[in-house]
Amino acid sequence: GRSPPALAALSQVLRLERSRRTGVVFPLRKLERYLAPGVDTGRFYLFQPGLAALQRAEAFFKSGRDHPIDYVSSAVRMDHAPPPSLPEVCFIGRSNVGKSSLIRALFSLSPEVEVRVSKTPGHTKKMNFFKVGKYFTLVDMPGYGYRAPQDFVEMVEAYLQERHNLKRTFLLVDGVVGLQRTDHTAVEMLEEFGIPYVMVLTKIDRASRGLLLKNVLEIQDFVKEKTQGCFPQLFLVSSVEYSGVHLLRCFVAHVTGNLPTAEAS
């Protein structure tokens, strides 16, 4: 099989010099030094697992003989979805936000897991279910906005309201352009349904530091003032450089009940 890309494994990250290592594992911390004095950074540190927790979480994303990671099925309607037997997380976002690329990065230590990444935005037209051993299921949802499937609203609303094993929704926002009108609509839907969710800023390798800082602070203010169900800490990721991917794996393991709180933060 193909070998995992550089920095996909925590062991590779640990070989980096300290400041670069921190930047890969905790991208928010890397930004902190460029903030104006007095800016509240408390929400940067709500979920800050230690090395042991990061290593334990990584093991869930490595397939093995006793721990298969499989694409299970796709569904366009809830009655086509696999049984809700395991804790579940889902990833939603605009059509070109990099959802499938991020899921492929999360599963990069298991190259045999096929996560299709299209060059054409809006390629994901179905809910795609990935079973991670006997521990949890991860769902790649169709993108909203540009080229969204016609029945997107019915499909996604039904999923969010009916999937009782759903532990957390990951709302992906483009780190270059920040929150868009369609993202606000998604937030309103999650808030209305009372679904716990977390915002993930993607493509941070493409944003200048100043632009990224601006988007982070604006979104943090939005989360603080306008949301009830959103986890206050943002997660920053690059599917190219693996920044934030290790932390996100750890958060997924944590919210699915596979990493005790005491170890996670």
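This is a predicted model: local features need pLDDT of at least 70, side-chain atom pairs count only at pLDDT 80 or more; totals for chains, interfaces and linings use all residues.
**Helix α8**

Helix α8 spans residues 209-226, a run of 18 residues. From its first C-alpha to its last it reaches 25 Å, close to the 26 Å expected at 1.5 Å a residue. Buried positions in α8 are Leu-212, Leu-213, Asn-215, Val-216, Ile-219, Gln-220, Phe-222 and Val-223. The elements that cover these buried residues include those in the table.

| Element covering α8 | Residues |
|---|---|
| α3 | 27-32 |
| β5 | 166-174 |
| α7 | 181-193 |
| β6 | 197-202 |
| β7 | 235-236 |

**Gly-145**

Gly-145 sits in the loop between β4 (136-140) and α6 (152-162). Its relative accessibility is 37%, so Gly-145 counts as partly exposed. Apart from neighbours within four places in sequence, Gly-145 is in contact with Ser-95 and Thr-182. Asp-183 lies 38 residues from Gly-145 in sequence, and the two are 8.8 Å apart in space, C-alpha to C-alpha.

**The cavity**

The model has 1 cavity of 30 Å³ or more. The volume of the largest cavity is about 50 Å³. Its lining consists of Phe-26, Pro-27, Leu-28, Gln-48, Gln-233, Leu-234, Phe-235, Leu-236 and Leu-247. Two or more of the lining residues come from each of α3 and β7; α3 and β7 are also among the elements that cover the buried residues of α8. By residue type, the lining of the largest cavity has 7 nonpolar and 2 polar residues, and no charged ones.

Technical notes. Residues are numbered from 1 along each chain as its sequence is written. Side-chain values use heavy atoms; hydrogens and water are left out. Helices (H or I, at least four residues) and strands (E, at least two) are DSSP runs, numbered from the N terminus. The expected span of a helix is 1.5 Å times one less than its number of residues. Buried means under 20% relative accessible area, exposed over 50%, partly exposed in between (1.4 Å probe, protein chains only). Contact means heavy atoms within 4.5 Å. On a 1 Å grid over the protein atoms alone, a cavity is a set of points where a 1.4 Å probe fits but cannot get out, and a pocket is an open set with protein on both sides within 12 Å along at least five of seven lines; lining residues have an atom within 4 Å of a point. Grid points are joined across faces, edges and corners, and a volume is the space filled by probe spheres set on the points. Ala, Val, Leu, Ile, Met, Phe, Trp, Tyr, Cys and Pro count as nonpolar, Asp, Glu, Lys and Arg as charged, and the others, Gly among them, as polar.
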